[in-house]
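Subject: Structure handover

Hello,

Please find the structure below, with the sequence alongside. My notes on what was found in it follow.

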Amino acid sequence: MAAIAAASPAGAGGASSKTESYVDNKRRDDVRQANIQAARAVADAVRTSLGPKGMDKMIASASGDVIITNDGATILNKMEVLQPAAKMLVELSRSQDAAAGDGTTTVVVLAGALLGACQSLLSRGVHPTTVSDAIHKSCAKAVDILHSMSVPLELSDRDSLVKSAATSLNSKVVSQYSSLLAPLAVDAVLSVVDPDRPDLVDLRDIKIVKKLGGTVDDTELVKGLVFDKKVSHSAGGPTRIENAKIAVIQFQISPPKTDIEQSIVVSDYTQMDRILKEERNYILGIIKKIKASGCNVLLIQKSILRDAVTDLSLHYLAKAKILVVKDVERDDIEFITKTLNCLPIANIEHFREEKLGFADCVEELPVGDGKIVKITGIKNMGRTTTVLARGSNHLMVDEAERSLHDALCVVRCLVNKKFLIAGGGAPEIELSRQLGAWSKELRGMESYCVKEFAAAFEVIPYTLAENAGLNPVTIVTELRNKHAQGEINAGINVRKGQITNILEENVVQPLLVSTSAVTLASECVRMILKIDDIVTVR
C-alpha cells in the first residue's frame, strides 16, 4: 500500500516548504505473501500423510535410493526446499522431532493453517505486529486448555504407556505390528530409566540394530549386545564362548608401519626372514599378554591407519581360543563399554583384568541371509538395551526403525512429563471451541485475530476425516456439537468412521506432543510474519 503524507503549503512569508513523502509498502506485503504461500505449500505437501489413514510418500533420490514413509520429519528432511521461509517449516518439523519425537506432521499442518489465518487477517488490513501478539496470547491460552484436558499417569501403569506407543505406531507403515512394537518400545525405555534421575531418558542408551530377513514380527528386544557382523574365524577360531571375559581394544594386532609414507627395499633374504620373524614375535608378544589376563573375547575398534588384525594374528588368536569381532565402529565404543561395564584399552601395556567385561555367553548366530554376534548374560550390565529390528526388505527395515524411534520418543515424553491426552482430533477441536469462546471476552482487533486462530485449529480433525475418506464437513460439525455438549474426549474414530469417546478407544498421546506442537508452530508463524524483506548477500 502506498501512503502520501502532505504538509500545508508554505506561507507567503517565504518559510521553508515541507516536501511530500511517499511510503511504499507494496514490496513488504509481496515478500510477506510470498513467504506465507511458500510455507503453506510445504504444509500442503505433507498434509495427506496425517493420521492412521494417511497416505505414504515414496521419496526417490538422484542416486536411485528409495524411501517409503509417512513420517513428517523424514519427508521434509529429504525434500529439496529452496525458499528460505519454507525451510523454516523443515526446521520446525526437526525441532518437534527433537522435542517430542512424534507429531512432526501435525506441527507442520498446524503451522500451515495458522499462516492461512494470518494471510486472511493481513489481506483485511490488520497489522502484522497485532497478529503476532494475538498468536502469542492464543498459544499461552491453548497450552493452559491442553493441561486442563490431560490425565495424570504413573510409570507403573504399563498398559497406558503401551496404548500411547501403539497410537503413535498406528499411523505408520508398520501399523499392523503395533501390538508387538509398542510393548517392546515401553520395555526398552523403562529398562534404561535411571532411578536417581527418573525424569531423564537418553535414547542413545537404546541401540537399534537392523538386519534384513524374516518379517517385522521377528523384531526382538535383546538384554545384551548385538553386532551386525560375523566372528572373524578365517583361521578356524571359536564362534561360541561361555563365561566370556571381554576386552574392547583400540590398538591394532598387526605389524607396525612407518609414520610417514615411504617404501623400504630389502634385497637380502636373511633380512627378509628377520623382518617376518620380528613381525611374528611382535604379534605373539601382544597375544600372550592378552591371554595372560584371562581374556577370551576381543572386540577390536575399526582402524584407519592400518589393518586392525592380519591373517597371522587371527591364526595365533584362534590357537589361543580367543573369539574376535573386528571393525567395531568408533561411535559404538561408548555404548559397548557402558553396556559391558568395562573400559576401552588403548595400549597393550594397559591390558588388565579389571578393565574387562564379563558375560555368560558370546555366540555367532545365523539370522536371515547373514550372521550376527550376540552377547547375553552380561554381569553388572549398564542401563542400556538393544533392539534387533527385522524386515523382509530394506524399505521395511528402515521404516520399522523410524517407527520404533517415534514410539520410543513417545514413551520418553511420558517419562519426562507424566500426562496423557486424548488423540483423534479431540484436543484441537476443544482448543478451537474454547479459544472461540475466549475471543468474545476480548476487545478490539485482538478478539478478531484470536477468533481466526481458533478456526485454524480445526484443520487437524478436518484433515484426519478427509484422509480417512469420511465427509470432513459433517464429521467436524458433529464433533463440534459433541464438544459443545461437554464431551471433551470425543474424537474421530477413523476405523469405525464415526465420533466416539477416544479415551475409551485407547487412542491417547503424551501431553508434551500436543503442547510442543502448538508452541513450536506458533513461534514459527510469528517469525515468518515479522519478516518484511529478504536481503540476498553474495
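Please keep in mind throughout that the model is predicted. Serine 514 has a relative accessibility of 7%, so it counts as buried; the cut-off for buried is under 20%. Apart from neighbours within four places in sequence, serine 514 is in contact with Leu146, Ile421 and Gln509.

**The largest pocket**

The volume of the largest pocket is about 790 Å³. It is lined by 47 residues, and those closest to its centre are Gly51, Pro52, Thr167, Gly424 and Gln509. Several elements give two or more residues to this lining, among them α4 (104-123), α12 (426-439), α14 (459-467), β17 (490-493), β19 (508-510) and α16 (511-530). Which element gives the largest share of the lining? That is α6, with five residues. Sorted by class, the residues lining the largest pocket are 20 nonpolar, 20 polar and seven charged.

**The cavity**

The structure has one cavity of 30 Å³ or more. The space in the largest cavity comes to about 40 Å³. Its lining consists of Leu114, Ile135, Ser138, Cys139, Ala142, Phe453, Phe457 and Ser522. Helix α5 supplies the largest share of that lining, four residues. Six of the lining residues are nonpolar and two are polar, while none is charged.

Helix α12 has 14 residues, and from its first C-alpha to its last it reaches 20 Å, close to the 20 Å expected at 1.5 Å a residue. Is this helix mostly covered or mostly open? It is mostly covered, as eleven of its 14 residues are buried. The buried residues of α12 include Ala426, Pro427, Glu428, Ile429 and Glu430, and also Leu435, Gly436 and Trp438.

In helix α13 (residues 444-456), the buried residues are Ser447, Cys449, Val450, Phe453, Ala454 and Ala456. What covers the buried residues of α13? The cover includes α4, α5 (128-149), α12 and α14.

Most residues other than glycine have a negative phi. Asparagine 243, which is not a glycine, has a positive phi of about 50°. This residue lies in strand β9 (residues 240-249). Its relative accessibility is 58%, so asparagine 243 counts as exposed; the cut-off for exposed is over 50%.

Asparagine 341 also has a positive phi, near 55°. Its place is in the loop between α10 (333-340) and β12 (344-345). At 48% relative accessibility, asparagine 341 counts as partly exposed, because that class covers what falls in between the buried and exposed cut-offs.

**Glutamate 363**

Glutamate 363 lies in strand β13 (residues 357-367). The side chain of glutamate 363 is joined to that of arginine 240 by a polar contact of 2.6 Å. Not counting residues up to four places away in sequence, glutamate 363 touches Thr239, Arg240, Ile372, Val373 and Lys374.

Alanine 188 lies in helix α7 (residues 178-192). It is buried, with a relative accessible area of 0%. Leaving out neighbours within four places in sequence, its contacts are Ile206, Leu221, Thr385 and Leu408. From alanine 188 to leucine 203 there are 15 residues along the sequence and 9.5 Å in space, C-alpha to C-alpha.

Isoleucine 531 is found in the segment after α16. Is it buried or partly exposed? It is partly exposed, since its relative accessible area is 24%. Residues up to four places away in sequence aside, isoleucine 531 touches Arg32, Asn35 and Met88. Between the C-alpha atoms of isoleucine 531 and glycine 436 there are 28 Å, and the two residues are 95 residues apart along the chain. Glycine 436 is one of the buried residues of α12.

Regards

Key: Residues numbered from 1 in each chain as written. Predicted model: local features only at pLDDT ≥ 70, side-chain atom pairs only at ≥ 80, totals over all residues. Heavy atoms only, no water. 1 Å grid on protein atoms, 1.4 Å probe; cavity = no way out; pocket = protein on both sides within 12 Å on 5 of 7 lines; lining within 4 Å. Points joined across faces, edges and corners; volume = space filled by probe spheres on them. Nonpolar A, V, L, I, M, F, W, Y, C, P; charged D, E, K, R; others polar. Buried < 20%, exposed > 50% of the residue type's maximum accessible area, 1.4 Å probe, protein only. Contact = heavy atoms within 4.5 Å. Polar contact = N/O pair within 3.5 Å; in protein donor to acceptor, adjacent residues only side chain to side chain. Expected span 1.5 Å × (residues − 1).
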